[in-house]
Amino acid sequence: MNDRSPCLRVRHLCTSFRTDRGPVTAVDDITFDVYPGETLGIVGESGCGKTVTSKSIMRLLPDHITRYSGEADFRGTNLLTADESKMRRVRGDSIAMIFQEPMTSLNPVFTVGWQLDEALKYHTSLNKRQRRERSVEMLRLVDIPNPEKRIREYPHQLSGGMRQRVMIAIALCCEPEILIADEPTTALDVTIQAQILDLMNGLKSKLNTAIILITHDLGVIAQTADRVMVMYAGRVIESASVHDIFHRPQHPYTKALLDSIPKAGGTEKQGDRLPAIRGMVPSLFELPKGCRFQERCDYAEQRCIDLEPELVTGDDGRQVRCHFPLDANAKLTVGATS
Amino acid sequence: MAFIEIRNLVKHFPKRGGVLNRVVGKVHAVNGVSFDINQGETLGIVGESGCGKSTLGKTMIRLLDPTEGTIRFDGHDIADLGPAAMMPYRRRMQIIFQDPYSSLNPRLTVRALLKEELSFHKIVPPAELEPTILKLIETVGLRPDSADKFPHEFSGGQRQRIGIARALAVKPELIIADEPVSALDVSIQAQVLNLLKDLKEQFGLTVMFVSHDLKVIEHFCDRILVMYLGYVVEEIDADRVHEKAKHPYTIALLGANPIDDPDDRRPLVVLKGDVPSPYNPPPGCPFQTRCPKVEDRCRREMPPLEGDGHRVACWVVNEPADAVAAGAE
């Protein structure tokens with residue numbers, strides 16, 4: 001994997017907002033690479049900065065209150081400082097994004113066909129007839145029955161799953177190198193979610209697209225991601241291959257998060273309590289001095305309170321931000337606070 | 001006799017349309033559902049959006065009026081009771097909603113919110129109001145200073161705890177939990193589930209847990225009803241659902257749930273076809289448009305929910321085609 005060159009290199013990305021209560025840093029020193037044909041999963045709870053990370057790369061945050069620092073290198077251009085006309089050529093063309101709410105991200109007053117055509121008009125040199133053919137072809141690719149008829153329909157005439165498939169069709173119509181999917185299935189039913197994930201996996205192998213998949217659902221990550229980055233309160237706390245994250249987590253938070261999901265057909269008995277993580281995520285305005293997870297961690301010691309750990313990269317390329325990473329080989333029971 | 005007996009419960013909503021906004025049809029939200037809940041049991045209702053699971057919960061406790069059918073609560077049929085006659089039962093059945101923000105009055109502090117309820121149902125004499133409120137707040141794991149705060153000052157998980165305190169205040173016997181953890185993060189979800197579980201033990205509550213998440217239902221409940229388009233298609237013990245589920249829809253739901261293990265990647269079960277509209281459901285089995293095992297008779301007639309303990313509504317599973325053919329010979 002490492003012999004290929006990454007298509008997106010993010011280095012020390014910090015995004016802060018000016019708010020009524022003073023500046024707040026939502027994403028703090030994030031570094032990662034994205035490789036073609038690979039799915040990078042970003043996991044974390046609400047407010048951990050996963051969406052801000054993706055929107056920073058696309059520069060979709062309100063300019064007047066947002067400050068970026070660091071670098072997001074895409075084909076030699078730093079996306080964080082590129083001018084707006086350059087960004088317009090990148091957005092939807094080389095880097096496309098799908099959002100959680102397919103209803104609010106489609107324009108309700110235009111037909112599906114019009115919205116597909118708009119993307120093609122801006123980013124390709126196809127003529128009108130070719131664009132129409134391509135639109136129909138894209139809808140067929142995402143398994144929409146009757147694409148010739150559907151293309152003349154409005155978003156409200158489609159079901160939730162179909163709207164999300166239209167969003168994917170629009171995102172993919174210019175064959176982007178990178179697809180950012182921000183909670184693409186959270187608003188959908190599981191049987192529809194299965195259709196969308198199946199579709200995204202198929203497209204990744206067919207078009208060699210790199211996917212950044214943002215979700216809070218660990219099941220979705222387990223089934224689709226190749227590498228996983230776990231975020232907590234604006235920081236990356238662990239980054240590793242999907243196998244290592246699920247079977248040999250090193251950060252107590254990752255382990256506790258995995259333990260707190262009810263297991264399907266699992267070994268636990270009914271009536272058992274779930275090993276929950278106590279407390280809640282600290283406010284970004286009142287971050288503790290040391291490790292951001294200290295208050296909820298079962299292993300916290302004085303050092304965790306005094307000093308925030310660095311993100312350490314191991315020999316195998318794994319990264320973890322913890323003074324006392326869990327022994328990867330030992331069986332541990334973490335987070336079982338009852 | 002079971003604590004709660006639902007027989008042939010039907011709820012239709014009128015569908016209006018045209019220039020005069022006349023009733024042009026009806027939406028079949030719940031279609032003749034029958035089941036029992038025993039005292040102290042936790043029954044899970046699982047299904048996708050629009051299957052009627054929330055409508056069923058709300059109709060059961062008469063937040064909605066049933067179109068047909070009987071609701072026996074502790075031996076009394078409450079399906080047709082008027083508002084005054086219903087009042088003593090209201091206290092005994094409470095509901096916890098999905099969105100704890102929109103279900104709490106934003107202008108009332110937690111104290112006022114709980115006080116209103118306690119005094120309306122005359123649960124405790126006025127002198128004991130304050131200690132009871134503080135006790136409740138403590139029971140659901142909130143800090144005592146929460147009493148003077150407004151709902152917007154809390155996080156989602158804490159708000160859900162207030163919702164639970166509100167439901168518990170009147171000492172109910174039955175709790176309908178309508179997607180109580182769906183809006184919460186995984187780590188908070190586990191906290192709230194644990195809290196619900198503890199309170200259920202502590203107060204001997206009977207719980208009906210409505211959710212779209214089969215994993216949560218499996219963890220929390222004793223028995224599961226699987227709903228599809230207003231029908232119960234399968235009723236099964238929670239600990240057997242993985243091995244013994246028979247209905248093609250239940251099997252599809254199980255298969256569509258992503259497994260939390262990257263080494264166990266299997267193609268997710270992808271159902272073809274779309275859910276029929278509840279406004280104009282096709283004759284026969286509601287799942288026919290997406291069912292991998294569909295046969296001719298599925299398109300003609302709705303299969304009955306059959307079985308002892310483990311009930312399934314499916315022609316193909318209950319009487320396989322070759323058995324029918326053998327019987328005909």
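Which residue just after α1(B) takes a positive phi? Arg62(B) does, with a phi of about 65°.

## The model

This is a predicted model, in which local features need pLDDT of at least 70, side-chain atom pairs count only at pLDDT 80 or more, and totals for chains, interfaces and linings use all residues. Residues are numbered from 1 along each chain as its sequence is written, while chains are lettered from A and ligands numbered from 1 in the order in which they are written.

## Helix α1 of chain B

Helices here are DSSP runs (H or I, at least four residues), numbered from the N terminus. Helix α1 of chain B covers residues 53–60. Of its 8 residues, 7 are buried, so the helix is largely enclosed by the rest of the structure. Buried means that 20 or more other C-beta atoms, placed from the backbone, lie within 10 Å of the residue's own. Among the buried residues are Lys53(B), Leu56(B) and Met60(B).

## The nonpolar core

The largest nonpolar core has 181 residues. Such a core is a set of buried Ala, Val, Leu, Ile, Met, Phe, Trp, Tyr and Cys residues joined through C-beta atoms within 7 Å. Ala169(A), Ile212(A) and Val232(B) have the most contacts inside it. Helix α7 of chain A (residues 160–172) gives the most to this core: 8 residues.

## Ile245 of chain A

Ile245(A) lies in helix α10 of chain A, residues 242–247. It counts as buried because it has 29 C-beta neighbours inside 10 Å. Val230(A) is 15 residues away in sequence, and 8.9 Å away in space, C-alpha to C-alpha.

Methods: Buried ≥ 20, exposed ≤ 12 C-beta atoms within 10 Å, placed from the backbone. Helix = DSSP H or I, 4+ residues; strand = E, 2+ residues; numbered from the N terminus.
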